[in-house]
Amino acid sequence: MATTSAWKHDFPIFSANAHPKLCYLDSAATCLTPKHVADAMYHYQCYSHANSHKGLYQLSANATELVEKGRNKVAEFLNAPTQSELVFTSGTTESINIVANCFVAPKMNRDANIVISSAEHHANLLPWQEICRLHDAELRIAPLTLSGIIDTKALDLLLDNNTLIVAISHVSNVLGFINPVAEICQLAHKKGIAVLIDGAQAVAHGNVNIAEIGCDFYTFSAHKLYGPTGCGVLYAKGDHLSHMPPYILGGGIINKVTFQEAEYINSPLKFEPGSHNVVGIVGLVEAIDYLNDISWFDITRHISDLSTYLVDKLADLDFVKPLLKHNCNVQSLPSLVSFQLEGVHAHDVASLLDSENIAVRAGHHCAQPLHQMFGVHSSIRSSLGLYNSYQDIDRLVIALNNAYQLFAIRELE
Amino acid sequence: MNTTAGLYQKVLLEHHKNPLGFHNKIAITHSATGANVVCGDEITVEVNITAGKVQELAFLGDSCAICRASASMMCQHLLHQPLSQIANLIKVPMDLIKGEYTAAVNSAECFSSLAVIKQYPVRMQCALLPWQTFISAINNKNEQRG
Ligand SMILES: Cc1ncc(COP(=O)(O)O)c(C=O)c1O
């Protein structure tokens, strides 16, 4: 494999007048933007922009068509079953809040419980924690196996007649392993319990197949798929949406309104009040096309080659302590690794790496309870994208060595 | 490389590697714990105030090099100082960190390695935390121990 990525030149951020030396290892936070996506958004905004779903003139009808075709494109990308609906939201965070507040909250009572896992992003913890607090209900936390995936047997034991939903990540943003989501859906469905999957970290690895997973809700954000921020998706199975009240109220979500009451429409549009983020949806659609054009086979192979290299290289550094050792029994390699440098604080590592133009995440990555579980405050996370190459990982390794030499306090440990 | 060589000045690294007051056992009269909301780091500052003076000073916690070095400088700076002088003594380093120091640089010389932090706004709070926690500690009559 070449030392540079074949797709790096698609990303203008690396151009000579921007950040040619950037070594970007934070794609789990957000993916950089390919020119195709930025261009599509620019062209839409300059030459085709109008308010969708409202105007009776052609320009508006074209914008409506872009949104509705976008919906089909996303459904196809996720292999969503035909009996389902897709809502465009502002991102994973909003999607999960909709489900918490409109699907689960109306059924809450003090005997109820909600099951999540210990490896959830705050976006898939706080909405549940809050509705449990408001109703004096119980939030149950399913543990992880030693390999860092959700322990399905232990999770099963937490489910009972009062469980209203199981809400878990497809891939944890700290550990990076793929959870057995299809198996968890089967377990939950046997007991009549709905399942939400937070797919924020899974979509960039392709092959999301909702028909196979069988979940009730699936959420993701466009910016973790080389698209723009401010645009995301909520998939809902069957007619779930029709039983849910709207979340945010405003224009475009009603059949009929009087001063006294309103009758809401029965379609995904009920959850898309106000004016659509058409440019965001255009960006998401272009990102999906861009990735399809490359081919998911090549993308997956590229990321998994790099991932093997990253895991091996880090394992060679005896002062690097992964939060979780990669276990050969886990089928897939993670596209991200979270670790600590012995005796060095994560923030100091990130600052030093930054001075060498290497961008990594340092902190708790919006998963504070998980870090508490590992007995640490923070970690460094290195995550991979299309533009990365072996060379980036070599640079990371050199910089980590430098950071260790500069900061490590050995005598106090 | 230059920028961080800038952030992590030699003096600062010295304090980080050989911090003054770190985990010292003292007869605590006042203490407080402060947290950095950005990263969740915590530091505990312990003080012995007797006869209107800071007689002893210590800190503990798992924190970054900037916070640790800043705490160490604080221990050096405030030891044996009368309480009446504390507000003045604290102002110089805190203003320096925040980039609000306007007076002649002379009296701030010993903190010159803190002065660069203002160029790294994301790290400012790391450097301020020990000083803020010290202020809470001396105001913390209720938490008096020892
Ligand atoms: C697993 C997971 N869930 C949810 C989110 C929140 O996504 P967003 O900020 O796009 O709403 C993230 C983003 O970091 C994530 O990694």
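**A tutorial on two chains and a ligand**

Student: How many salt bridges does the rule find across the interface of chain A and chain B?

Tutor: The rule finds one across that interface. Before we go on, note that this is a predicted model, where local features need pLDDT of at least 70 and side-chain atom pairs count only at pLDDT 80 or more, while totals for chains, interfaces and linings use all residues. Residues are numbered from 1 along each chain as its sequence is written, chains are lettered from A and ligands numbered from 1 in the order in which they are written, and side-chain values use heavy atoms, with hydrogens and water left out.

Student: Why is the pair Asp348(A) and Arg123(B) called a salt bridge?

Tutor: A salt bridge is a side-chain nitrogen of Lys or Arg within 4 Å of a carboxyl oxygen of Asp or Glu. The closest N and O atoms of Asp348(A) and Arg123(B) are 2.9 Å apart, so the pair meets the rule.

Student: Which helices of chain A each supply at least two residues of the side that touches chain B?

Tutor: They are helix 10 (346–355) and helix 12 (390–407); helices here are DSSP runs (H or I, at least four residues), numbered from the N terminus. Helix 10 of chain A gives the largest share, five residues.

Student: How is the size of an interface often given?

Tutor: It is often given as the accessible area lost when the parts come together. Buried area is that loss, taken with a 1.4 Å probe and summed over both parts. Chain A and chain B bury about 1,600 Å² between them, 54% of it on carbon and sulfur atoms.

Student: Which residues are around the ligand?

Tutor: Among them are His121(A), Asn173(A), Asp198(A) and His223(A); a residue is near a molecule if one of its heavy atoms lies within 4 Å of it.

Student: How far from an oxygen atom of the ligand is a polar side-chain atom of Thr93(A)?

Tutor: The distance is 2.6 Å for Thr93(A), 2.7 Å for Ser221(A) and 2.5 Å for Lys224(A). Taken alone the ligand exposes 390 Å², and the protein buries 85% of that (Shrake-Rupley method, 1.4 Å probe).

Technical notes:
A polar contact is a pair of N or O atoms within 3.5 Å; within protein, one must be able to donate a hydrogen and the other to accept it, and residues adjacent in sequence count only if both atoms are side-chain atoms. Buried area is the accessible area (1.4 Å probe) that two parts lose on being put together, summed over both.
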